[in-house]
Amino acid sequence: MDPECARLLPALCAVLADPRQPVADDTCLEKLLDWFKAVTEAGSSLLLLQEHPCLVELLFHVLKPQDLSSRILSFALRLAGIFAAQENCFQFLQQGELLPGLFGEPGPLGAAAWAAPSVRSGWIQGLHSLAQHPSALRFLADSGAVDTIFSLQGDPSLFVASAAGQLLVRVLDLALRGPAEGRVCPQAWDWPACARKVVCHLEDCLRSEATPRVTQALHVLTTTFGHCRGLWTQGLWARLSPLVARLLEKDPVPAPHALVDLLLGVARSPVLSSDPGLWETAAQALSRLSPTQAGPLAAGILKLQDCPQALRIQAFSILLQPLAHVLEATAQAPGTPRLLEGAAGDLMAVDTFPPSRSACVGLLCSALAHLELLQPLPQRPSPWPQAPLLAAVVTILRFCNGSAAPSSEAGGRLCAMLVGCVRVQRAALDFLGVLSQGLGPQELVTQVFAILLEYLVSPDSSPTVLKKAFQATLRWLLSSATPPGCCDLEPYAQLVLGELLAVLQKRLCSPCWEVRDSGLEFLTQMTRHWGGQGSFRQALLGSEVPELTRQLLQDPESYVRASAVAAVGQLSSWGLLTAPSSPEHPAVPQKTPLEELLLVLTTDSEGFPRRAVMRVFTEWLRDGYADVAEDPEQSVAPVLRAASRDLDWEVRVQGLELALVFLEQLLGPRGPSTAAPPGALTQALQALCRVQLFEFAFRSLFDCDRPVAQKSCDLLLFLKAKATPSGSQQEVGDGPNVASVEAALRRWQAGEQGQPLGELAPEAVLAVLRSMDLEALRDTLAESSDHVERSPQSLLQDMLATVGVLGDNEADCY
Amino acid sequence: LKLYRKRHPTLPCNVLKFKSTTIMLDCGLDMTSTLNFLPLPLVQSPRLSNLPGWSLKDGNAFLDKELKECSGHVFVDSVPEFCLPETELIDLSTVDVILISNYHCMMALPYITEHTGFMGTVYATEPTVQIGRLLMEELVNFIERVPKAQSASLWKNKDIQRRCYTMQEVNSLVGYSQKIELFGAVQVTPLSSGYALGSSNWIIQSHYEKVSYVSGSSLLTTHPQPMDQASLKNSDVLILTGLTQIPTANPDSMVGEFCSNLALTVRNGGNVLVPCYPSGVIYDLLECLYQYIDSAGLSSIPFYFISPVANSSLEFSQIFAEWLCHNKQTKVYLPEPPFPHAELIQTNKLKHYPSIHGDFSNDFRQPCVVFTGHPSLRFGDVVHFMELWGKSSLNTVIFTEPDFSYLEALAPYQPLAMKCIYCPIDTRLNFIQVSKLLKEVQPLHVVCPEQYTQPPPAQSHRMDLMVDCQPPAMSYRRAEVLALPFKRRYEKIEIMPELADSLVPMEIKPGISLATVSAVLHTKDNKHVLQPPPRPAQPTGGKKRKRASDDIPDCKVLKPLLSGSIPVDQFVQTLEKHGFSDIKVEDTAKGHIVLLQEAETLIQIEEDSTHIICDDDEVLRVRLRDLVLKFLQKF
């Protein structure tokens with residue numbers, strides 16, 4: 001502990017102990033606890049207490065009957081726990097009977113303060129910190145704390161109840177880890193009394209008819225098996241698993257969600273997953289739980305690396321069932337492909353779909369989401385029923401837009417439940433997009449594109465559904481490139497393209513800005529992939545889309561303008577934004593895209609479009625876009641000028657990024673420091689002076705937004721490295737006079753940003769660069785902006801300042 | 001209580017007989033018949049005037065003057081005619097009142113008021129009457145300004161269609177929630193239905209029965225006052241008509257579609273034609289466009305609204321503040337015009353003209369957007385624009401009115417190069433809204449046209465597109481008479497204060513008191529009053545005089561009324577006490593039989609009657625009767 005903190009500590013303890021002093025907020029107390037934790041982890045707690053008796057006094061003070069606030073009491077309990085985590089300190093506190101006073105019957109446990117949830121929570125957390133050594137275990141057993149913990153499991157405060165459960169896990173771990181260490185499978189009779197007591201309690205709970213008690217026990221067990229990896233967990237599971245299995249025989253199964261969590265926790269535990277009984281229980285759970293409850297278990301099982309094949313098949317059929325029902329509901333002929341064959345398929349009936357709309361929608365959505373997560377995994381079920389899944393998703397989407405024809409009465413009910421359901425539409429479109437990773441029969445792929453087009457065309461598609469439809473369409477277009485990876489579109493996709501562009505045209509005119517925005521994003525993505533491809537270019541140039549995109553640069557919504565900027569950037573880099581041959585306005589000269597984007601950068605009132613412009617310019621410069629490549633200096637200069645004056649820090653950062661790319665093109669790429677040839681360096685520096693990069697960069701070094709300063713620092717360091725290669729330090733001071741530059745820099749640093757830098761010569765720049773300690777600046781900037789204010793000293797000062805102990809009221813403002 | 005169904009569900013014309021009153025509910029005019037006629041061009045159209053006559057397959061050409069072939073379809077070359085309301089089902093002169101729910105549902109009114117001997121009153125709200133009159137005026141104007149030399153009659157075999165009417169005054173104005181007494185028998189009240197300016201649902205109620213007539217209602221937030229749902233609660237019968245014609249088209253999506261297509265066309269240099277009625281959805285469309293045109297960069301595009309009543313319609317909408325939604329009402333107090341089309345007019349973005357002749361031809365600038373009628377494309381200025389713009393694929397016609405099949409409307413203009421977009425905007429209730437409404441107001445019975453109780457024929461799998469309620473809705477078909485499923489059980493009768501004073505109620509159960517009353521029932525104008533009976537005239541002297549009023553009914557001295565029940569066990573004990581022996585009691589389905597075997601007498605005790613059956617022994621009977629009476633209360 002640093003001396004200043006040590007000096008402040010007694011005053012702080014006095015403040016904390018004084019019920020008349022209003023203590024700063026809970027956050028301060030939390031920070032204080034964090035600090036004490038860090039201090040005790042770094043050194044001896046005992047020593048700390050001996051050196052700072054005020055701390056012990058504080059704890060003793062809390063014991064006295066008085067009107068202390070509940071948060072101070074809670075704080076003291078947690079603090080005592082932190083100190084007592086070290087066994088010698090525990091003994092020290094025990095000698096003073098402090099711990100029984102705090103955590104035993106005489107303490108807050110029996111007092112009125114116990115009614116405050118924060119005190120109960122502090123009590124639990126204190127014990128949780130303390131339970132680290134055998135002495136603590138004895139203390140817990142002797143003080144009767146375990147019974148209190150049992151009762152707190154049902155506490156009305158969820159935080160307290162949950163913490164109580166975790167404390168039980170801690171107690172079990174502490175009790176069983178020691179004696180069981182190294183043994184193959186410890187037996188129950190070897191367990192310490194405390195552990196036996198907890199286990200008996202868990203058994204009672206599992207046998208209980210009250211679902212909340214069962215849930216509590218299951219939560220404790222889930223945490224135990226999830227966090228504890230000791231061999232003793234095998235013994236515990238062996239003893240409790242029959243009780244868990246018995247829960248599955250009840251009707252209805254109590255606490256199904258907690259049960260699923262437990263089974264998955266056990267299955268994931270490397271110590272327990274070899275138990276064959278576990279898989280039997282899991283199989284039983286899959287068959288006993290309702291489809292909605294079993295879904296997460298099935299998905300969890302399928303994500304496991306290693307589990308019996310039969311169980312995987314059973315789990316997969318659970319996930320497939322809702323989709324199979326959907327297929328069944330529209331099956332016209334017996335020959336229709338089924339998703340589930342054999343026994344699983346026969347078991348299923350369309351009637352088993354939940355009768356209520358919300359349950360049915362929930363089941364379908366969760367099945368789709370599970371399958372979506374499963375699809376890209378290497379351990380996904382094999383063979384993967386790609387074709388029936390595609391058919392099912394297409395059918396779901398058809399039900400949702402009312403175009404599917406159900407073949408049964410149950411199908412009719414399903415249709416009525418799904419029509420217009422946005423949730424299912426979104427989930428199905430997401431999954432459909434993921435399914436593009438696999439192949440499908442051409443006929444189904446045709447259906448996929450057809451339904452996607454229906455959604456894109458339909459005026460009833462909500463903006464979010466439309467966005468998903470665009471995303472899925474893009475994925476399917478990408479996957480239909482032949483051969484995979486080739487940038488040419490498949491003939492069928494080329495046919496679709498015409499219709500897509502017609503839809504896009506209309507969507508770009510939508511009164512709903514989200515729709516225009518997702519339309520533009522789709523266009524940008526399409527152009528990125530196929531901008532160079534003949535049929536795409538032809539179709540696009542034959543449509544109104546490029547012109548509409550250009551018009552959307554003036555959209556009233558800033559997000560749309562930003563997307564339009566990105567789209568214009570992408571279109572023009574592929575030469576797809578040629579001026580339209582408008583017969584009505586032949587005389588009006590069209591602005592070049594470069595000019596248009598520059599106009600956005602200099603005039604747009606919102607940050608998003610301006611940031612987008614900077615990204616486009618950077619991309620153009622990096623990729624050598626023709627208009628920019630022709631005369632990079634000429635193109636970059638106005639952009640940098642505008643960016644340097646921008647009020648949005650992200651635009652300024654982007655401006656420096658653009659400058660960096662420009663610099664790389666002049667002096668060679670970043671990387672191992674290689675000096676640029678002197679001739680090239682001089683030319684580059686002259687060019688940089690002409691585009692007024694240095695004023696921008698130097699100013700940015702003192703930007704009030706740290707990322708800007710960091711970026712500028714990186715830029716100047718790069719330049720410095722290129723100018724003065726390592727090992728060849730040039731003499732400082734034999735160059736031109738840099739006093740005026742340095743004076744300007746000092747004034748900027750002091751916050752006087754109005755001072756201009758004036759004309760700069762390349763030599764002066766180099767001299768300034770050499771004289772500046774940019775590395776040190778970079779290190780300072782790398783520290784978070786509140787590193788000073790976050791120090792413990794600052795914390796203590798703050799807390800004292802709020803109660804006026806320090807005499808003045810100079811509180812830190814941060 | 002009977003309901004006579006006369007028209008199709010969106011243009012309803014029902015007749016309700018309720019408590020001796022005959023009420024016609026709406027009087028819609030089916031104009032779909034006009035689709036069979038050739039368009040009436042405002043400007044001589046060589047194409048339409050040189051169409052070939054149509055002859056029968058056998059070559060018989062007797063109809064070729066009247067029927068013309070155009071684009072593969074046959075059309076009648078005559079003044080368009082409309083389907084009349086049916087007159088056979090009921091004698092329309094017996095109709096007491098006509099209740100109008102909105103201005104679209106009164107277009108057949110002149111046919112009833114002029115030709116049927118109808119003598120009753122028509123009730124409607126003021127905006128309904130005013131705007132309805134505008135619609136009629138427009139219709140008459142459209143047809144009268146293009147006189148046809150001939151009126152075809154050979155082509156039809158039955159005179160079910162009539163030529164358009166001439167204008168005529170009809171109205172009796174009411175305000176929302178205003179109660180109107182009909183002959184003292186029933187009370188009718190209009191409630192806001194949220195569909196159009198002044199549109200209303202009607203409550204028809206007596207003291208003990210309530211029938212709600214829900215026709216053309218909307219729960220969407222558009223310009224009219226929102227629908228009053230609360231007042232529909234506790235209805236015995238709810239008659240449900242005028243639901244959306246296009247249940248699958250969400251109005252919001254359609255407005256979006258409308259705007260997108262409009263912008264796309266105009267940006268490409270094309271013109272947009274919107275065939276529409278002069279009032280209604282057009283107000284909302286103009287409001288959407290007001291918000292949209294600037295953002296879509298369409299500020300320089302002129303909008304033209306052409307109708308003989310365009311000016312009145314735009315102005316009327318601004319003055320009916322009390323009939324508007326809350327937002328628009330508050331604007332009036334600022335004071336600002338409630339509808340933003342005022343600003344569009346002020347800034348010259350929206351211009352309106354009575355017809356294409358005159359000023360319009362001077363101002364006309366393309367590309368532009370034109371709103372004009374009639375949505376059937378058979379008459380009105382729209383015919384001119386169809387002829388003018390139909391040949392260019394740059395132009396677009398956007399159908400927003402759901403009343404006509406757009407494909408049929410376009411039939412005489414084929415082949416057509418201009419783009420056609422169908423964005424039907426029907427804000428009336430859809431089936432999801434109906435089921436929510438019915439759950440909310442919980443009527444005992446729902447009565448609706450048959451079409452609403454099954455999915456549309458083209459989408460038979462869409463079980464969601466039908467009225468779903470418990471108990472299932474009763475359906476009726478065209479020209480069907482339906483007895484409504486409840487019986488009137490009570491009638492309210494007032495009692496005069498002096499008569500009430502004379503009553504001496506006796507409590508027979510806690511909370512229930514009874515009193516006998518002798519009075520004269522006086523009935524006038526369906527109101528019933530109990531008045532004190534006249535005092536019997538005292539005979540004066542020995543002279544026998546005629547009583548003061550012979551027509552007053554005799555007031556006989558009444559026997560007391562009995563109430564209560566006879567406890568059989570106690571009754572038997574009492575009989576035994578009075579010397580009867582050999583008593584046997586038998587239980588029957590309705591009560592008990594007490595058998596006095598010795599006396600050969602039977603006492604039948606039932607819930608509402610007691611019979612003493614003895615063999616001609618009057619003394620015994622009276623004795624037994626008195627014993628029975630001991631157990632009963634008298635008053």
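Author: The model is predicted. The spot to begin with is Glu257(B), which sits in helix α4 of chain B, a helix that covers residues 251-267. Is Glu257(B) buried or exposed? The relative accessibility of Glu257(B) is 10%, and the cut-off for a buried residue is under 20%, so Glu257(B) counts as buried. Leaving out residues up to four places away in sequence, Glu257(B) touches Val457(A), Pro459(A) and Lys506(A) of chain A, together with Cys423(B) of chain B.

The domain division puts residues 251-422 of chain B in domain 2. Chain B also has domain 1, made of 2-38, 75-243 and 430-476, and domain 3, which is 562-634. Between the C-alpha centres of domain 2 of chain B and domain 3 of chain B there are 88 Å. A UniProt record, an unreviewed entry, places the feature "domain: Beta-Casp" at residues 282-410 of chain B.

Gln433(B) belongs to helix α12 of chain B, residues 431-441. With a relative accessible area of 16%, Gln433(B) is buried. The contacts of Gln433(B), again without residues up to four places away in sequence, are Leu219(B), Leu220(B) and Arg428(B).

Next come the nonpolar residues. The largest nonpolar core has 389 residues, and the members that touch the most others are Trp123(A), Leu323(A), Met526(A) and Phe371(B). Another core lies apart from it, with 23 residues, including Ile23(B), Val447(B), Leu482(B) and Phe486(B). Met526(A), for its part, touches Leu474(A), Leu477(A), Leu497(A), Leu500(A), Leu501(A), Leu504(A), Gly531(A) and Phe536(A), not counting residues up to four places away in sequence.

Helix α5 (residues 70-84) and helix α8 (residues 117-130) of chain A have axes that come within 7 Å and cross at roughly 5°. Angles under 35 degrees count as roughly parallel, so α5(A) is roughly parallel to α8(A). On the α8(A) side, the residues making the contact include Trp123(A), Val119(A), Gly122(A) and Gly126(A). On the α5(A) side, Leu73(A), Leu77(A), Gly81(A) and Ile82(A) are among them.

The buried residues of α10(A) are Ala145(A), Val146(A), Thr148(A), Ile149(A), Phe150(A) and Leu152(A). Helix α40 of chain A (residues 762-771) is mostly covered, with seven of its 10 residues buried. Those in α40(A) are Pro762(A), Ala764(A), Val765(A), Leu766(A), Ala767(A), Val768(A) and Leu769(A).

For chain A as a whole, there are 42 helices and zero strands. Of its 814 residues, 52% are buried. Among contacts in chain A with a separation of 6 or more, 72% join residues 24 or more positions apart.

Technical notes
Residues numbered from 1 in each chain as written. Chains lettered and ligands numbered in written order. Predicted model: local features only at pLDDT ≥ 70, side-chain atom pairs only at ≥ 80, totals over all residues. Heavy atoms only, no water. UniProt positions renumbered as here; feature names shortened; annotations may be inferred. Core = buried A, V, L, I, M, F, W, Y, C linked by side-chain atoms within 4.5 Å. Buried < 20%, exposed > 50% of the residue type's maximum accessible area, 1.4 Å probe, protein only. Contact = heavy atoms within 4.5 Å. Axes fitted to C-alpha atoms, helices over the stretch in contact; angles between N-to-C directions. Helix = DSSP H or I, 4+ residues; strand = E, 2+ residues; numbered from the N terminus. Parallel < 35°, antiparallel > 145°, perpendicular 65-115°, else oblique. Domains from an automatic or database assignment.
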